[in-house]
Every structure is written in C-alpha cells, then in structure tokens.
Amino acid sequence: MFERPKKTLEHSLFTVLENAQDYVADVYFKYPHTKLWAHKALLMVRVPPSFQQKYLPQLADQTQFDISAVIPYTTLRQLLRFWYTARFTPPPNETSLLSSAIHGLSLSEASSNLQSEVESNLHQEISSLEIKLGVDMLPKGDPEQQWVADLSRMLDQQICTDVTVYQDVQPVSSFPAHRFMLASQSPYFYSVFCTEFREASTSSVHMPSDLFSAATLDVILHYLYTDQLILPDLLDAQPTRLNQKKHELRILQKVFPAADFLGHADTICKAVLLKMAVLCHQFKCVCSECAALLPSMLVFADQHQKHVPKLRSNLIALYADPLDSLAPLWSQKPFAILVSALQKPQAKETQLSDIFATPTPTTPTEDSVISDITQRTWSNMTKHNSVRSLHSLHLCLSYLRGADPFPTWSQPVIQILNQFLHYNVEMIANHFDYYCVEYPILLSCVDGIGFGFSVDFLSFVLQHVLNEGIHDGNAAILYQGIVRDLGNRQEMVRNVAVDGVLMDARLKCAQYLAKRWMSVKAEHGFATIEKDYLRMISEDINVPMRTLTKPLENDISTIFSFKPRKAKKEDGVKRLSFPLQTQDDTQAHVRPYAMTTSQSHSDTEDVSLQRRNSTFRSFRRHTSDDLTDELLALDLRPMEPRQTRLRFSLPTTPSRIRPQKRVAVKKNKRSKSPGRSRWSLGYSTSDSSDDEIMPAVGQKVELLRRPLPTLGTIKYIGPVEFAKGTWVGVELESRLGNNDGSVDGKRYFQTFPQRGVFIKTDDFKILADKKN
C-alpha cells in the first residue's frame, strides 16, 4: 500500500565529509597544501582504538593532527570516506553509470559491478597498509551493521555532543545531539545550524510542544542517526502483545505530524506508515487485535487525509463490508467511543428503553469518517446479501449485548445498527418468497446446510419480519413461505428446535390475517397464494375460502354483514381458530431467541433499564490527542477470561393435543391438503394419500421452484456423504446441473458433466415411470 522510504544516511554523511566546514567540523588533518576537516564525535566511534592510541591521542581535546608522513593524502581521504559512510566509493549516480547502461547493463547492475571492483582494490590497499603500520584502520565485523551500531552508540552515549534539543511538554526532557548529524539529515535543522539563522551558534533548540513529546523526539533522533525506526519498549513487567502494539501505534501516530513538520515526508513519514501497516496486518484483517487498533487508525487517516487518502478509503471499505466486518469490528468498545466522539450533540438524550426498540436516527458530523462508513455500508446492503447482512447484524448486536448488558458505551453504535436492521428486515419481508424459492437462503436456517445459520437466527429473522415488516400486501405471502417452504423443509430434517420457532411464527402471522383479512383482500394479498395454502389460511382464521377468493367489489354489502361461521364440533378436525388478540397478548407467545430486540427483554429488565436511565453516562467531546489515547488505552491488569452472560438453550417441544379417533366421517367431506405438515397446529398427522407415487430410480421428474422448466430422470435415491438425510440424484436433460454424478470424489451415479444434480424429495414432482 505504501512506498518504502528513501535511505538518506549514506548520502547525507558523504555530503558532510565533502563539505565538512559547512557542517560545523571541529577537527582537521594537516597536509602541506591542504587540510582534511572532520568531526570528533564520528572519529571517536568509527576509528579503531589501536589507531587512535598511536596516531590520534587526546582526540577529544585537540583540534588538529599531522599524520601526513604516515598516511598519504589520498589514502586518508578514502579512510575518512569509509569511516563516514562504510564505503570507499561515493554513492553512485546515473551520470557515472551511463556508459555501463549503454552496454546492456541496468543502472543497479552497473552500480554493483563498479562499486565491487573499486571496493576490492581499495580494501587490499588498506589491508597492506595495516600490516605495514601494525594497527587496525578499519572496524571489524559487517561494515553496514557496525556503521549503524557506531552511529547509534554516538547518540546514546552522548559522545562529543554540541547541541541539546528540548521538548517543552511537562516534564521537560532534553536530548544531547550533534549538529552535523541533524543538519545533514533534516532541512529544518540545516536552516538552524548552517545558515545565517539567529540560532546558528546556539547550543540548544526548543521544539514545539504541541507536536513533540519525549518519545516522539527520541524516535525521530534515532531515525536521523540510523535510518531506522527504533520504538521504545512498553514499561511493563509482562506486556501483552496487544498492549505493545497499542503502545507502538500511539507513538507512531504522534511521530507522523512531527516528522512532517521537519520536512521528512519521504523518509520518516513513509517509514511510519509501513510500520503501521505491519502492526495492523496491512489494513485487511478483522482479527481481535486489528479490531482494537483500527478505530485509532480511522482517526489518524481522517486527520491526515491529504497525505494518506488511500489509507482512509481502504479503512472505510473495510468497515463498510456488511458481511465480514459488522460483527468483529462494529462490536468493539474503541469503535463505539469513536462514533460517540464524532457525533453531534443531541438536543434530547436518548432513553435507554428505546435503544432496542425502533431505530433512532443518529447525526454524525457531516463529512466525518463515521458518516462515510455509514453511507458506504448502506450502499453495500443489497437484495442479494440482505439475509447474510442481517446475520452479521444479529451477531454484532449479540456481542454488544454480552459486553454491555445495560447499554452505556454501546448506545451510539446500536443506534446506527438499528437503522441497518430495519432496512434489511423490510427488504426481507417484501421479498420473502425470493429468499424461500428463487434464492432459498432462509432454508439454511432450518437444515443448517450452506451458510451455517442457527435456529436462534431463524427466530431472530421471523420475529423482526412479523413485528416490523408485515403489512397487508405481504402477510399472506409470509404465511405461505413459513408453511410451505420452511415447514416442508422442516418435515425433511425434523429439527426439534425449529418446531417451536415455526409454530410461533405461523401463529403470529395467522393472528395478523385474522384481524386484517379484509384489508389484505383489498390489497390483493391472496391473489398469488396457492390453493392448498389459501385453504389453510381459511381454516386458521375461520373465514370461508370463497370469501377470501371472490372479488371484493362484488360483495360490498355482504362484507359488512358477514358473520363468521361456527366451528364444527368434530373430534378429528381442529383449526387454528382464536379470538382477536391485542399486541400485548401476542407477546406472550414469542420466545426471546434474539438478543437484540425489545421482545428479548423481560418486564423486570425493562424496569431495571428505566431505573438506570438517570445514571446513563453521556459521552464528552474529545480532542485529537485525547481521543487517540482513549482509543489505544492500555490494559495493564492481567487478562482473565470473563464468563459470558449469554445463555443459549434449545426451545422445548411445544405440547400438542393428540387428535381423538373419529366416530363418523361424512363421505362428502373435503379432502385434506397435501401441504399439511407435522408441525402445523390443529391438523391430522395422516397427511399422505394412499395413491401417492413413491420416487424410484428411472422415473421421469420435473424440478420445482426453478425459473425454467427443468426435466430429468432419477438415477440415485439414498444417503450421501456431503449432507444428512435422503437425497435424490437426477440426470437432467440439459446442462443445468452442477456435477457428473459424483460429489467430493464420491460417485453415486454416472452422467455427463453439468448434467447431474442432487435434490431433496420435496423439490420435484413425478411425471411418469420409465417403463410407461
């Protein structure tokens, strides 16, 4: 994402050596016709001790030396170049390498070839001189590593320092340094020490207190001396990995503006961004550590948008992913603190009892990063991913409920999430048949195949859809989807936990239809319902089927004088008939599976929330530094696993009234619908007809719930390894399948590629036997 910083230390020290007097040199070597100027501090750390004792005694006190009789001028010049830059040759440039590049070598190859040849010759010459004089002239060890270590030691041990840099933040800290090092690496310090500037001869420099702290200044000085970011360790006996990352990230976010002030946008600033990317896993991760660090990076990217626009856009895209980011990132306390800090003050404080009820509009500051994240998340929630987005919201709100049972710090995030929740619930309610037939993702909540949805999530979806999304135009469609699609799939898998959820949903939907069936009929809500399930609705709400189907405008007079028929007193026939109930009565039948709605709270808990309302903590406005420190707050206490407050349990199987044996059955009685299921309240369990054709290998079938007519022949019936239950393998007449009769290396039947498909026994209808 970010470019690597330029390495400037070697070039800077080469410039210092070539223009030593301009960079406040304090010692020189005398030759007959010239002088070689240098700096005491660098000579003391780079010249070998044996050479110092013999030819440079009392280096710290003297300002001139005459060794012209021992070492020639050119040789000493090459030695000084090695002591300053760890190389005998000057840094290459394109002009000196142009001839080599013309002959077919790249600039990097030409540079390597030229330097290696010269370095080898000079090293042999110096080695022979060392033998002649009997002293070491070159530092031992790896030249690059020893060079960096010597420069760092020169700063840490304050060897021959000539300036002190102060930061005025209490407590005041001072850092002794060397003017030639600061001036060579920083244009800011060059203007201070090497020009006619008024502080050119001073021995102290005071840095702005609003940009520089002790840790910030220490990191910058070490980078100027070593071309490396050296961050101080956390002062803790046993720092955790997350606390160490928070400590480093806090320092880096303060180093960036200070380095930009000094004019190091291409060096220190780029090194800081690279280190941030390493700490935050390249800003592509949603792990627990990144979830704690990224809110502070949002603040950083928003404050420095002009310098790092790509970082801001990448973080917004990461947070705005409704499928993978809502649960792990939005449920963290640092993000809630950030949302609260960037919100406009509310004229009226939100009541705690309304947090889990209807969505409350939030007012994030215009053009803030939270506003951009919210808008991008809205745009990423589509019809195709609405159910999965709702699943992420369910997990996120569950995490928040477990971490903050009586919402305090989580309130700002919950307000935004409730808006997303209402939007997705409306979309699912208005396209319920799409999610059950065309894109049957809701069936995964029943059989657990595909997306891994739980029964708890199924209850969450149905509760919100029937509480917020049901209306006169879709009530009958919701009933048909619950009974036909979800109920029939439940008949296949027979999940005990799903029984109670579907029964409650059907009961609630039937209650709505019983109250408003005339309005539903006026909205043509029964027009698209299949005949079998329209008969079920008729029996559940105790309204004749002919009354639901005939045109409303032809029966205006009878609507207002209609009296519901009396239920027949037959022991074997039971209907889902009930009086019209109020909303309060309906709530008694709803199980609190979801952890995020008002139905989830008991009356006692609601009262407790009201009592705690007066003690609710209001969030204050933050400055940028305070907000960064709060988002990266260190947890210095030992981490102990906290017991979760969540308690999940499977619902008990609802009690059913066993039907008594029939005494007498009328011959002209209407036959039962084949769509009745074992979980349907008030229906006989004997729902299969005697003349029903059982599927067999070789039968011609037509697949149901497909956009185009799809025909095929049964090739396999039985268990499979990729799923539970009985599956039917069908060879299709056209290439609309997804296999060739084998799945995961296991072959069940033989056919051509893309001609095989495995379906459940309720996903097709039999046309004719092969023998017929």
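**Figure 1. Salt bridge between Asp 150 and Arg 153 within helix 7 of the predicted model.** Helix 7 (residues 143-156) carries both Asp 150 and Arg 153, which are 3 residues apart, about one turn of the helix. Their side chains form a salt bridge with an N to O distance of 3.4 Å. Asp 150 is buried, at a relative accessible area of 3%, whereas Arg 153 is partly exposed, at 31%.

**Figure 2. Salt bridge between Glu 702 and Lys 765.** The closest N and O atoms of Glu 702 and Lys 765 are 3.8 Å apart. This pair links distant parts of the chain, with Glu 702 in strand 7 (residues 700-703) and Lys 765 in strand 13 (residues 764-768), 63 residues apart. Lys 765 is partly exposed, with 42% relative accessibility.

**Figure 3. Packing of helix 11 against helix 13.** The axes of helix 11 (residues 241-261) and helix 13 (residues 288-303) lie 10 Å apart at an angle of about 10°; the two helices are therefore roughly parallel. Residues in the contact include Leu 249 and Phe 256 of helix 11, and Leu 293 and Phe 300 of helix 13. By class, the contact comprises 7 nonpolar, 2 polar and 4 charged residues.

**Figure 4. The largest nonpolar core.** This core has 184 residues, and Phe 29, Leu 182, Phe 283, Trp 330 and Leu 417 have the most contacts inside it. Helix 24 (residues 496-522) supplies the largest share, 12 residues. Beyond four places in sequence, Phe 29 touches residues including Leu 36, Leu 56, Phe 65 and Ile 67. Another core, of 9 residues, lies apart from the largest one; among its members are Val 701 and Leu 703.

How values were computed: Residues are numbered from 1 along each chain as its sequence is written. This is a predicted model: local features need pLDDT of at least 70, side-chain atom pairs count only at pLDDT 80 or more; totals for chains, interfaces and linings use all residues. Side-chain values use heavy atoms; hydrogens and water are left out. Axes are lines fitted to C-alpha atoms, for helices over the stretch in contact, and angles run from 0 to 180 degrees between N-to-C directions. Helices (H or I, at least four residues) and strands (E, at least two) are DSSP runs, numbered from the N terminus. Angles under 35 degrees count as roughly parallel, over 145 as roughly antiparallel, 65 to 115 as roughly perpendicular and the rest as oblique. Contact means heavy atoms within 4.5 Å. Ala, Val, Leu, Ile, Met, Phe, Trp, Tyr, Cys and Pro count as nonpolar, Asp, Glu, Lys and Arg as charged, and the others, Gly among them, as polar. A nonpolar core is a set of buried Ala, Val, Leu, Ile, Met, Phe, Trp, Tyr and Cys residues joined through side-chain atoms within 4.5 Å. Buried means under 20% relative accessible area, exposed over 50%, partly exposed in between (1.4 Å probe, protein chains only). A salt bridge is a side-chain nitrogen of Lys or Arg within 4 Å of a carboxyl oxygen of Asp or Glu.
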